[in-house]
Each structure stands twice: as structure tokens, then as C-alpha cells.
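Please look at the charged side chains in the model shown here and consider where they pair.

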Amino acid sequence: MAETTAPERSEIAGRARRVLWACGLCFGLLFLMGLSGVASITLLYDDPLYRTGTQGFEGVVVRTVSSLSGVIKALHSWGGYVGIVLAGWAGLEVFSFGRLIKRSEEGEWRATGRRLMPLGLAGAAMLIVALILLIPSGVAAKSFLSHDEPKVVDDTPNPGAFAPRISGRAELENGADSKFVEWHTRELNYVLALGALLLVFAASSTRKVELAAKKPPESSD
């Protein structure tokens, strides 16, 4: 039997807090995953001589990233699985909150509820699909980028002469598996950002309803 009674303001405010917590945790994890992704590229080319010989701000950054390598690798490897759960939770909370305020006595809240339901589903779906595809593409991209070509030593009296490794950009352009790198670092992140923006808009609308619900209702004389 469908619920027809209007929800109390306290219930609306409490459910809004759940939405904000779910979205906040999801956004926080996505932000940390973005930082770990940038840091993991540095770790692929980490070298002790470069690490100790680099000075200034760049040196501090390189040494900090190197010291946190365990945390960065764990976050970048397992963050996607946790992100799928948090994105699903956030989407369900937004959808459920939208259904709740659709039964409200406030016409503006009912209109917000009708917008929140598709926003929650679309935003969560985009995040989940992007995160699912980022996992296998990340494995392929890491394997491709970390592949070391043997150095070709120049057979001359100068033992220090050797042919340098092809630049990373040339490898991306000429490698058969470069599409995995591009999908992992560009296209899928666009989908991720769009899904996050939809949930940001939903969280912003939810926050407005929460603030309004905490105010005492205006008495009609």
C-alpha cells in the first residue's frame, strides 16, 4: 500500500543528512582516487637517484609520494571497488529522499523531489559504470606504461653512450595498447566527472531542503 501521509519536517531533515553524508563520502573518495592516480604515474618512474638528487618543492613532492607509495597503491587499486559501493549508496539515498519529499505539503519540495529521483539514478549509474570500466583499463594501462624496453648500448669506445628510451608520448602514439591509457586517463574520467556533477547538483538541492526543513513552519493567522 502506497504511503500518502506527508512526512514530518524532522524526518525530512534527518533523511537529508543521510543524503549529504553518502554524497560527501563518495566525493571524498573520488577526490582521493584522483590524487592517487596522479601520484601513481610518478611512482611508475620512481628512481632513487632522481628522488635524492631533486631539490626544492619538486623534491619534497617526489619524496612525499615515494614515502606514501603503499597507501597510494592500495587506494588506487581498491578505491574503485569501494567507490562503486559508495556511488550506489549515494544514488539510492538521493532517489529515496526524492520520493520522500514528493509526499511533502510544500509544492517547491515536491518539484525538487521529482528532479532528485532521476538525478540520483543517472549520477550513480554513470559513476558505477565509469568505475567498473576504470578497473580493467587501469590494469592494462599500468602494464603498458611500466613496460621497460631494453636499452640499446652504442658499441663505441664510450661506454656511457646509449640510445635513450622512446619518450612516453611517442609510446602512447605508437603502442598498440595505448587506447587503454587514453580511456583510463581521459574518456572514462569525463564520464566520472559528469556523474559526480549530477550528484553534486542533487546534494546542493538536498541541502536547501534540509535548511528549509529545520526552520519552524510559518503560522497562518
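This is a predicted model: local features need pLDDT of at least 70, side-chain atom pairs count only at pLDDT 80 or more; totals for chains, interfaces and linings use all residues.

Side chains of opposite charge can pair when their charged atoms come close. The structure holds five salt bridges, and one of them is formed by Arg18 and Glu93, whose closest N and O atoms are 3.0 Å apart. Because Arg18 belongs to helix H1 (residues 9-44) and Glu93 to helix H4 (residues 69-101), this pair ties together parts that are 75 residues apart in sequence. The two partners can also be described by their accessibility: Arg18, with a relative accessible area of 43%, is partly exposed, whereas Glu93 has a value of 8% and therefore counts as buried, the limit being under 20%.

The network is made up of Arg207, Glu210 and Lys214, which are linked by salt bridges. Glu210 takes part in a salt bridge with Arg207, where the closest N and O atoms are 2.7 Å apart, and in another with Lys214, where the corresponding separation is 3.4 Å. Helix H7 (residues 178-214) contains both Glu210 and Arg207, which are three residues apart, about one turn of the helix; Glu210 and Lys214, also both in helix H7, are four residues apart, again about one turn.

How values were computed:
Residues are numbered from 1 along each chain as its sequence is written. Side-chain values use heavy atoms; hydrogens and water are left out. A salt bridge is a side-chain nitrogen of Lys or Arg within 4 Å of a carboxyl oxygen of Asp or Glu. Helices (H or I, at least four residues) and strands (E, at least two) are DSSP runs, numbered from the N terminus. Buried means under 20% relative accessible area, exposed over 50%, partly exposed in between (1.4 Å probe, protein chains only).
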